[in-house]
Amino acid sequence: MAAHLKKRVYEEFSKVSQQVTLEEVPAKKLRLTKPSKSAALHIDLCKATNPTDALQYLLNFARKPVEAESVEGVVRILLEHYYKESDNSVRLKIASLLGLLSKTRGFAPDCIIDDAINTLNNEKSHQVLAQLLDTLLIIGTQLPDKIAVIQRLIDVACKHLSSTYFGVRNKCLQLLGCLGTVDKPLSKETDVGPGAQTSPVRDVQSIISDYFQDQDPRVRTAAIKAMLQLHERGMKIQQTIYNQACKLLSDDYEQVRSAAVQMVWVLSQLYPESIVPIPSSNEEIRLVDDSFGKICHMVSDGSWVVRVQAAKLLGSMHQVSPHFLEQTLDKKLMSDLRRKRTAHERAKELYASGEFSSGRRWADDAPKEKVDTSGVNLIDSGACGAFVHGLEDEMYEVRIAAVEALCSLAQSSPSFAEKCLDFLVDMFNDEIEEVRLQSIHVLRQISTHITLREDQLDTVLAVLEDSSRDIREALHELLCYTNVSTKDCIQLALLELLKNLTKYPTDRNSVWKCLKFLGARHPTLVLPIVPELLSTHPYFDTPEPDMDDPAYIAVLVLVFNAAKSCPTMPALFSDHTFRHYAYLRDSLSHLVPHLRLPGRKQTASSGLEASGVGSGSLESAQNFLQDSLIRVSVLQNLETPGAQELLEFTIRDLQRLGELQTELAGSADFCATYLHCQLLLTKALQEKLWTMAVPLCLKQNAKVSTATRQILDETYKLEFLYSGLETQQIATIHNVRLQAKALQLILTARSKRGVDRVLGVCEKFLQDVESFQRLFMTELPHFQDSFVEKLLELMPRLTACKPLDLVKILQTTLRQSRFIHLKLPEQIHRASATIIEPTGESDNPLKFTTGLVVALDIDATLEHVQDPQTTVKVQVLYPDGQSHIIHPKPGDFRTPGPGRVRLITQVYLSHSAWTEACQIEVRLLLAYSSSSSKQSASKPAWNESMDGLPTSESCIEGTIHLSKPVKVFIMPKPARR
Amino acid sequence: MPDIKVTPLGAGQDVGRSCILVSIGGKNIMLDCGMHMGYNDDRRFPDFSYITQNGRLTEFLDCVIISHFHLDHCGALPYMSEMVGYDGPIYMTHPTKAICPILLEDFRKITVDKKGETNFFTSQMIKDCMKKVVPLNLHQTIQVDEELEIKAYYAGHVLGAAMFQIKVGLESVVYTGDYNMTPDRHLGAAWIDKCRPDILISESTYATTIRDSKRCRERDFLKKVHETVERGGKVLIPVFALGRAQELCILLETFWERMNLKAPIYFSTGLTEKANHYYKLFITWTNQKIRKTFVQRNMFEFKHIKAFDRSYADNPGPMVVFATPGMLHAGQSLQIFKKWAGNEKNMVIMPGYCVQGTVGHKILNGQKKLEMEGRATLDVKLQVEYMSFSAHADAKGIMQLIRMAEPRNMLLVHGEAKKMEFLKDKIEQEFSISCYMPANGETTTVVTNPSVPVDISLNLLKREMALGGPLPDAKRPRTMHGTLIMKDNSLRLVSPEQALKELGLSEHQLRFTCRVQLHDPHSDTDTLGRIYTHLKSVLKSYSIQHVPDGTVIVESIVIKVTSSAEEPNLKVILLSWSYQDEELGSFLSTLLKKGLPS
């Protein structure tokens, strides 16, 4: 056998070495076969004289990949050496290599399983045994549906469970966890077999749970992890292990406790409603409550890893009863269950009842009446105030976990949200900014459930003076969503916001926006304070305030937004207020809503707009969009007369619709752009140049080639700028792109002399077609009569024919192909960005010394941009045409809300001296690469890329303009000598 | 039975002059050696004559351990070591060793230079005493002698405060000193591993208190200071030089920085400045935040906090001043208080405990007119606030520590008797362990049940392993046969054969014989045959032989049957077994007594 094998190996070796020389034109996908690994390995291993050498060879060997076909050979050779080898470390390495090899893609490890199991029987070294079991585990996970194999592996694992070495037991448990099944008892098969053993019928779970009491903490951990693994694989864990798991919560070792916490949590999710007795009394509670209490207990564990884990898990226990939940915010002992106190009372009342004093008041801890200590502790008192402990933990990781858990629990329970408010507000004062920020965000998330009282608002607003911009903005965001209870609150908030505005003028936009929502939310609370806010007087005329004062604008924003849903308010306005309204409505239209002002003539346009903006109009707009699409879809061929006009009108309509109806802007824009592409394409095809002789068409050429370039650009925009696209739309876009490329190809063929160049372009085009086919195989039925379909039909011919023929074929196909209609997906969003700062209005040039850098603060909001950290770039364009692209740091992106991203960054500018101050342009770009969009595209196999072959798809990279450019005045001065 | 004796010389049902004697495994250890703030006579120091009437303490004490640098824990140290006489080792952590002499020197100055006392320890004595100190690190196990070892754990409370585990053989005691289970702005929380000591000696200053969330307190404090400063008032915060002062400084410093406030903050010079220096040095003893950020900026290098000068007190405009001492009984804080008391815009915040009789105590209890020396009265118009920033564990914290350490017994010191009683009940109820609270001079004896380690011969162990199941079950005890040899202070468990060989003794066989009478109508051989089949069916896993010479052998047990001539139906069964098979033998005899199945 071995001799035969070697022969085969050598054959491979020699055969392959011939192939290497046979290198062909690398235009097509080509696979270089490397000399067989097994042969080389065998030679090396034979050469090795001592274990160290052998180990070295194996290590070297492991660095290189092995192709699937030769894996089996390699494995046989390795096994052969394995049996011969006496050194443990070498055997260990071989065992680990076996596992690594069986992971090779395209290799089915069935064939080596017998050998692998055989090796186990004779192995003496514990370490090697553990490694072998690991290998079996890998093999087993590769073959999840071979029941017989799995069964064998499980039997092997059960056999070795009694090993004295912890590593072997660990691996066995891991194997059981990864492969074991719960539904049927284990030894069924062995009973059926000839040597029917008398082993009792036990299932994996009970076997694993036996090892919960193992003497080695590592094995205990492994046992719990195996159980969790079973759960993850969808097996139902029995409730019986609950008590065992609970016992492990007080284990001496932190990793055991950490795993046990997870186990208890899993069980609490599986059996929330079952009833468990409370030890030391004859009462019973729900399991979820019991486990909640136990996990709460772990929040004051000695190890911070466990604490983090416990705090995190608490957040996901939504089924817990409300009174247990509220315990977590009250440090008081459980014995006075009836005397619950809200956080609110806590702030007002002393701890008069006597049991414990709070330490906040002088001398209130003098012992009072004897407390009745016979009260039953329903849950361990450690659960009380779990969150109080978590929130004041030493490690900020625990604190953040606790804040997040609070958030998640509060979202599902409004009453709890009310109670945890004070605690979250307290966290605004944490020593670590991350925690402060997180707690503000959390408060925002739960703010729908809560109404802030005056004193709470007061503490919240105190943070407005924070010097960190992030904190302030997060707080503004919070205020946008907050409900307050009284008019005094509104006044207080306004006052503090104005204070903020004077202290930090850069917060202007944010403050205004905040007031907009505050006003819109509380019209009735604003109403009584309007005269005061606008400082009007029943008898006297008051001086007209300065219209440019940001504080005055802030007040007006608040009032106008409140007035929107409060028709009586405008009666309180004085004349100049109306004038200011008109001004602000124009200049800050996003902040000031449209108002129906009494006694004012509404201009026709505004009236129309008002009717258009109503909520009912969304539907009609949607209908309109659909109608216009249907109208276009009637067109079969765009060359029919009148078709182009229709297309043009539709595009115009859609664009206008997008402007009017912000909800539909994405869809409308998308359609418009698509139709525009089609229009361009048709126009290009209708040019006379196709009938002209080649030398005459140069001038025409320019027009068409710009059109094609434009179409290409537009298709990239279509593909990457819009989110929410489905594969079908992407395929449609690709179809258009292929058409454009075909057009380009024809143009090149007509304008360029020499076949060589055209040849390259043709190859590339064919590759594109191929990749289209690969990517959108499933979508092809939608493409009847389309360009692509026809092309694919002709594909065999195309690949064979000469470039000039190809061009001819393309030309006819282009003209014959049908116009593909666009089906709109549910929701399309257009990625957009606005640069808030710099505003581009400043006349003062930014001066700096040439050669040195100056930092320019950029503040921009991005909407609907996917994965902004990697895609968004900043472009700086100098007047001399130089352009720089800057990648902002991932930390510069902040997410204030869903779908919205805020980019606050600094770009460094530098230039050589100018004589005059000049404007540079700054804009945001969206970088794309075609490979990133094609996740489905098969990545080149790792062994290929290792060999340095070019990847089959040339990935297209480029950028799309995401925002309007902003001009910044800069002035580099020559350095003074 | 071995026992551990604990005798508080101070701090037994009392706060102040902590000094606890522990005798464990024949070693005597003194835990802390403090003074009492409330007395100026002999009572201020522990009564060392309890240990010995005359002569030096060195012979009676194996070591002295100081938990932290507060004077009620180390104030009597020079007196004890130099004036009473002790030359043994004194253990404390590095920061304690650094800061302790400063405080002692200050204390000495006040008593000798200001109050004019004589017969007090001198500066030289403090220095000599400090020479006897052995510094140690956290979690470092120090071998005092062959048997006694001590180990320090982090305790929070103040910089360098530690809890100590004292261990002799398998008996151990943990002494907490003062500790804090909730981290504050500059220190972390106390931590101990599951060391399961025989006694946990814990302080219980806040035995009846469960403190509110520390954030509430901090927020209230900052809000009050901020409001007062905003309306142009002055804030006086009387503090003791070390500990709380630093926490509050950091709190205000970060707040000022966050809020961009401009009002000046001062702290009184002298002691605090020196102490801040040490806080900067021992950055590893502080909390996560400070430890992690000190590379960029050492939090103890304050930007907004400047040194105070006497003349600043009259400056107009808002300001915040930290001044010593903390109870407003003398010194700078009292002077400033007198100046500011008349203005209702101003505020004084008492961040800690005030002893009865001090100005602090009076104003906290709402007194509006104070009598000053020289019959002058002072109207107190300024606002008086109390904020407990004391860094002691509250009741919940004490419970938490008990849960962490899992002691077998609990002993409370450093607290008021009434409050202790309350906590004692709680502990006994919740953990069902016994809890003690001895008064000063009262000895508590705790009987321990230490396990005795024995060397076992590997051969014996392997043999026993082979007999039982594949894995030793750690949770279940198992009996085994062997011989215990006690020789030269060592205990060994060996197999009987080896023991015989080592001791040069010959083996004696011990056999038991037993007769069982049985009514059986069959012949002798048949009876034996029936016994054989019966046993065979009962004892499945034993080797049972029927030997042709008329005996049945079960393992080493021989069974014979005879019958007397006169009564052929009455069979006498003879059982004989060796001592080793006692269990099986007695089982068989009872089995056969029941008769054979028909």
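## Charges over rings

In chain B, the charged end of B:R44 lies over the ring of B:F45, 5.3 Å from the ring centre; the criterion is NZ of Lys or CZ of Arg within 6 Å of the ring centre and within 35 degrees of the ring normal. In chain A, the charged end of A:K516 sits over the ring of A:F517, at 5.4 Å from its centre.

The model is predicted, with local features needing pLDDT of at least 70 and side-chain atom pairs counting only at pLDDT 80 or more. Residues are numbered from 1 along each chain as its sequence is written, and side-chain values use heavy atoms.

## Aromatic pairs

Over all chains there are 26 aromatic pairs, a pair being rings of Phe, Tyr and Trp (its six-membered ring) with centres within 6.5 Å; planes under 30 degrees apart are stacked, over 60 edge-to-face and the rest tilted. The pair A:F560 and A:Y581 is edge-to-face, at 5.1 Å centre to centre and 75° between the planes. A:F560 belongs to helix α29 (residues 550-564) of chain A and A:Y581 to helix α30 (residues 575-587) of chain A, so the pair ties together parts 21 residues apart in sequence. Helices are DSSP runs (H or I, at least four residues), numbered from the N terminus.

A:F560 is buried, at 0% relative accessible area, and A:Y581 is buried at 7%; buried means under 20% (1.4 Å probe, protein chains only).

In chain B, one aromatic cluster consists of B:F45, B:F48, B:Y79, B:F107, B:F120 and B:F121.

Key: Chains are lettered from A and ligands numbered from 1 in the order in which they are written. Helices (H or I, at least four residues) and strands (E, at least two) are DSSP runs, numbered from the N terminus. Buried means under 20% relative accessible area, exposed over 50%, partly exposed in between (1.4 Å probe, protein chains only).
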